[in-house]
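Trainee: I am new to this structure and would like to be walked through it. Could we have it on screen?
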Amino acid sequence: KIIGKYIKELKFNIPNPKTFFLLAKDIANYKINIDIKSIQVKQNIIEVLTSLKLVPAKDDFEKIDTKIIFSTIVEFSNENLTKEEMEKTILIDIPSKIYPELRQIFVFLFKNSGFKDIKINEIVDFEKLYKIRKVQ
């Protein structure tokens, strides 16, 4: 059960006009990086940190520094959950529930900074990402 959620950290830094204009022209040279971490707060309460970051596909051009970390506080009522069930909840269920809201915030920042053509996937298959991670 989600008992709270909030923006824990927000970075949106475009260092200069040159970077702004290059980014507007080359937004396709960036990709979205998604990361999920969890921290135990109390016995049955875990904080799930889902971060979105725009990273350059190559290192040879001006960089902007954008990152949002979204905190979701989750209470587990079933103490008999296996480690795998808990892992799936943290890495699949929670991010799937909060991603639309997280994406909306990130897109809002870009659109209101003059980047109308920002393309961030509306749907992320967290289950597929989980399975890929398991294989590695």
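Predicted model: local features only at pLDDT ≥ 70, side-chain atom pairs only at ≥ 80, totals over all residues.

Trainee: What is the mean pLDDT of the protein chain?

Mentor: The mean is 84, and 95% of the residues reach 70 or more; pLDDT is the predictor's confidence in each residue, from 0 to 100.

Trainee: And where is confidence lowest and highest?

Mentor: Confidence is lowest in helix α1 (residues 17–26), with a mean of 77, and highest in β1, at 93. Helices (H or I, at least four residues) and strands (E, at least two) are DSSP runs, numbered from the N terminus.

Trainee: New topic: how many aromatic pairs are there?

Mentor: There are three aromatic pairs. Rings of Phe, Tyr and Trp (its six-membered ring) pair if their centres lie within 6.5 Å; planes under 30 degrees apart count as stacked, over 60 as edge-to-face and the rest as tilted.

Trainee: Why is the pair of F12 and F110 called edge-to-face?

Mentor: Their planes are at 75°, so the pair is edge-to-face, with ring centres 5.0 Å apart. This pair links distant parts of the chain, since F12 lies in strand β1 (residues 2–13) and F110 in helix α2 (residues 83–111), 98 residues apart.

Trainee: Is F110 buried or exposed?

Mentor: F110 is buried, at 0% relative accessible area, while F12 is partly exposed at 25%. Buried means under 20% relative accessible area, exposed over 50%, and partly exposed in between (1.4 Å probe, protein chains only).

Trainee: Which residues do the ring pairs link into a cluster?

Mentor: The cluster consists of F12, F106 and F110. F106 and F110 pair edge-to-face, 5.3 Å centre to centre with 80° between the planes.

Trainee: Which residues have the most contacts inside the largest nonpolar core?

Mentor: They are V48, I90 and F110, in a core of 28 residues. A nonpolar core is a set of buried Ala, Val, Leu, Ile, Met, Phe, Trp, Tyr and Cys residues joined through side-chain atoms within 4.5 Å.

Trainee: Which element gives the most to this core?

Mentor: That is α2, with 10 residues.

Key. Residues numbered from 1 in each chain as written. Heavy atoms only, no water.
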